[in-house]
Amino acid sequence: MSWQPTEDPQCTGDEATGPVALVITPKEHDIGGLVVRRTLPNRDRRSVGPFVFFDQMGPAVFAPGQGIDVRPHPHIGLATITYLYDGAIGHKDSLGFDLAIRPGEVNWMTAGRGIVHSERTPDAERQAGGPLFGLQAWVALPIADEETDPAFVHYPASDIPRWTEGGAEIALIAGTLSGRTSPVTFFSPIVYADVRLPEGATFTLPADHAERAAHIAEGIVRIDDETYQAGQTVVFNEGSVVSLNAIASSKVMILGGAPLDTAPDARPNQPRQMFWNFVSHSRDRIDQAKDDWKNGRFAKVPGDDEFIPLPD
């Protein structure tokens, strides 16, 4: 996705002695009938592990003939993960990939030195109308890998490790969790897991990654004596073992990993520079990407001649 928030999400700190370090409550933005909630980045927390951007799309229901149309736009220095609970999104990119992602599947796109893609509602779903509900995240590449070759991999739902624990159903999208490993590989330690909690179920998140957070996409979850609502991202203190108890049937996404490496001149709490869809440790590299996009030097998306202009 490619849109810009007008305000930072609201953040509240928690007791240093408890598991919760920060609670991020996003502002809601309606982009053509689709409500988007962004919790990363914000002024109090720029990243969780390698995750530097986190959007919840929907839930929404489109009338027949409606859908999303995110025109071709560029990325550098990151990988994007699109994950759907409901609906479908068509992906086209400058490497020539053209396919739809559906619930439980994983689209993992590595931008590296540069890629261009578009995201649109597939023709059949647009004609019929229907729901859209999902998440899109960006994970920053380690500095040594920022200029890697662009790549795209699609994983069917059957490839994703799944198990039950404490009444919860877990799908490990990427990285490692509870002694299990996803086939979706990354350049640094990471965890990204879809946790479905029926009412009354409990999931215990181990302290096996330095930085961790839980995004509540749907439902209500209790952690210690506090409850957290749909749309909120709860960031945890390092080393804490966290029990998530579902007060109502809930969908929770676990995200995190090792802290990002930083450049020698990085500002505090700013391990990466970000502008629009560009991520890099170097402001000069982002300026180069801006100039390349403005002057048409990125590769094109076959069959999709539209584009999003560089923002002012």
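This is a predicted model: local features need pLDDT of at least 70, side-chain atom pairs count only at pLDDT 80 or more; totals for chains, interfaces and linings use all residues.

**Exercise 1.** Determine whether Arg45 and Glu211 are buried or exposed, and state how many residues separate them.

*Solution.* Step 1. The closest N and O atoms of Arg45 and Glu211 are 3.5 Å apart, and the two residues form a salt bridge. Step 2. Arg45 belongs to the loop between β4 (35-40) and β5 (51-62), whereas Glu211 belongs to strand β19 (residues 211-218); the pair, 166 residues apart, links distant parts of the chain. Step 3. Buried means under 20% relative accessible area. Step 4. Arg45 has 19% relative accessibility and therefore counts as buried. Glu211, at 17%, is therefore buried as well.

**Exercise 2.** Classify Glu218 and Lys251 by relative accessibility and locate them in the chain.

*Solution.* Step 1. A salt bridge joins the side chains of Glu218 and Lys251, with an N to O distance of 2.9 Å. Step 2. Glu218 lies in strand β19 and Lys251 in strand β24 (residues 250-257), 33 residues apart. Step 3. With a relative accessible area of 30%, Glu218 is partly exposed. Lys251, at 17% relative accessibility, is buried.

**Exercise 3.** Explain why the salt bridge of Asp149 and Arg113 ties together separate parts of the sequence.

*Solution.* Step 1. The side chains of Asp149 and Arg113 meet at 3.3 Å, N to O. Step 2. Asp149 is in the loop between β12 (130-140) and β13 (151-155) and Arg113 in the loop between β10 (106-110) and β11 (115-120), so the pair connects parts 36 residues apart in sequence. Step 3. Arg113 is partly exposed at 44% relative accessibility.

**Exercise 4.** For the open sheet of four strands, state which strands stand at the edges.

*Solution.* Step 1. The strand order is β18-β23-β20-β21, with antiparallel pairing. Step 2. β18 (202-205) and β21 (226-229) each have a single partner strand, so these two are the edges, and one side of each lacks a neighbour in the sheet. Step 3. From one strand to the next, the twist averages 30°. Step 4. Strand β20 (residues 220-223) pairs with strand β23 (residues 242-246) over two bridges, and Arg222 stands opposite Asn245 in β23.

Methods:
Residues are numbered from 1 along each chain as its sequence is written. Side-chain values use heavy atoms; hydrogens and water are left out. Two strands pair if DSSP finds at least two bridges between them. Axes are lines fitted to C-alpha atoms, for helices over the stretch in contact, and angles run from 0 to 180 degrees between N-to-C directions. A salt bridge is a side-chain nitrogen of Lys or Arg within 4 Å of a carboxyl oxygen of Asp or Glu. Buried means under 20% relative accessible area, exposed over 50%, partly exposed in between (1.4 Å probe, protein chains only).
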